[in-house]
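Subject: Structure for you to look at

Hi,

Here is the structure I promised to pass on. Have a look at it when you get a minute, then read on for my notes.

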Amino acid sequence: MKAMFYDAFEKAPEIRNLPDPEPTFGGVVIKVGATGLCRSDWHGWMGHDPDIRLPHVPGHELAGKIVATGKGVMRFKVGDRVTVPFVSGCGHCAECHSGNQQVCPNQFQPGFTHWGSFAEYVAIDYADTNLVHLPDEIDDATAASLGCRFATSFRAVADQARTGPGDWVAVHGCGGVGLSAIMIATALGANAIGIDLAEDKLALARQCGAVATINAGSVADVVEAVREITKGGAHVSIDALGHPVTCFNSIKNLRRRGRHVQIGLMLGEHATPKIPMAQVIGHELEIYGSHGMQAWRYDAMLAMLTTGKMKPQQLIARRISLEAAVPALMTLDTSETPGISVITAF
């Protein structure tokens, strides 16, 4: 198969011909129809993820068609169109039995614990527990865009933050994760505020439903700007970027008993951000992480897509080739281009 490959962190990946994968007893092989390019892939390439063992094929947001199944797979067959959460549970541990496959201690992560989807084919383990059938109305590129950013944002906004109608939701960072969070919060009846340094991203945030936007580079104090718009602070605040500044501001701009959700990865030198703990205690704030979403929760999300309440395809700005994804991956940390890139040509 043709695949993106690297054998050293921070070294330019190459496009190689590699052996086709084989399914495990409980796994499948998927012919990749589309796969998203995500900041998490950049973190992996930089060496920030301890689960990655070199050499490596990245890629964790994917959709496609099953071309081979292991003998133990019961719920899926060759020819099925599927997607998969980027965090897949083993199906046997206590966390999986409680329905929380996204924090399974034995989790399978394509593109991190195993070779990923920047390739013509990808092998996925624990298929019966984690694969999701795709409706005909949702194409591969849209489905691939759900795999990490949108699904993680859905769980963060709907489940972790318990966002409801009328809530003020501050979203720090209007990349793919942040725009997804804005779209989801809006669909749930909340009032979303988009916060970023780039005007083109803020314009896209308004298109996704943000009722207000804040340019963090042109206001004296982001926290005070949020407090002024919301008349006291956000009920829910999301750090969709993963930076000490956005993390701090996201917690600081909450109203009393507000809820912060950390979606953006805090890795490397950003792993231990400053937190206004006195405010957390005195105002009884809630701080949550959000790490993927269980396959069984996809039904609710997919229903909101097929009925038109959410349109994640609006976030796809570029459909690129596997070759073009090499420089795109290497510059993800500095890219100012709004929207999501999806690999659709192999």
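Below is what turned up when I went through it, element by element.

One thing to keep in mind from the start: this is a predicted model.

**Aromatic pairs**

How many aromatic pairs does a search of the whole structure find? The search comes back with two. In one of them, the ring centres of Phe5 and Trp115 are 6.4 Å apart and the planes sit at 80°; the cut-off for edge-to-face is over 60, so that is what this pair is. Phe5 belongs to strand β1 (residues 2-5), while Trp115 is in the loop between α2 (94-97) and β6 (121-124), so the pair ties together parts that are 110 residues apart in sequence. As for burial, Phe5 is buried at a relative accessible area of 7%, whereas Trp115 is partly exposed at 33%.

The other pair is Tyr6 with Phe9: the centres are again 6.4 Å apart, but the planes are at 55°, so this one counts as tilted. Tyr6 is buried, with a relative accessible area of 2%, and Phe9 is partly exposed at 32% relative accessibility.

**Helix α6**

Next stop is α6, which covers residues 199-207. Which of its residues are buried? Lys201, Leu202, Leu204 and Ala205 are. They span an arc of only 160° around the axis, which puts them on the same side of α6. What do the buried residues of α6 pack against? Their partners are α5 (176-187), β9 (191-196) and β10 (212-215). Just after α6 comes Gly209, with a positive phi of about 120°.

**Helix packing around α4**

- On the α4 side the contact uses Arg149, Phe150, Ser153, Phe154 and Val157. These meet Gly176, Val177, Ser180, Ala181, Met183, Ile184 and Ala185 in α5.
- Thr142, Leu146, Gly147, Phe150, Ala151 and Phe154 of α4 make the contact with Tyr298, Ala300, Met301, Leu302, Met304 and Leu305 of α10.

A few backbone angles to check if you set up calculations:

- The peptide bond from Leu54 to Pro55 is cis, with omega near -5°. Pro55 sits in the loop between α1 (39-46) and β4 (61-69).
- Lys231 is not a glycine, yet its phi is positive, near 55°. Lys231 is in the loop between α7 (222-230) and β11 (234-239), and at 75% relative accessibility it is exposed.
- Arg257 also has a positive phi without being a glycine, at about 65°. This residue lies in strand β12 (residues 254-262).

Cheers

Notes. Residues numbered from 1 in each chain as written. Predicted model: local features only at pLDDT ≥ 70, side-chain atom pairs only at ≥ 80, totals over all residues. Heavy atoms only, no water. Phe/Tyr/Trp six-rings, centres within 6.5 Å; stacked < 30°, edge-to-face > 60°. Helix = DSSP H or I, 4+ residues; strand = E, 2+ residues; numbered from the N terminus. Buried < 20%, exposed > 50% of the residue type's maximum accessible area, 1.4 Å probe, protein only. Arc of directions from axis to C-beta. Contact = heavy atoms within 4.5 Å.
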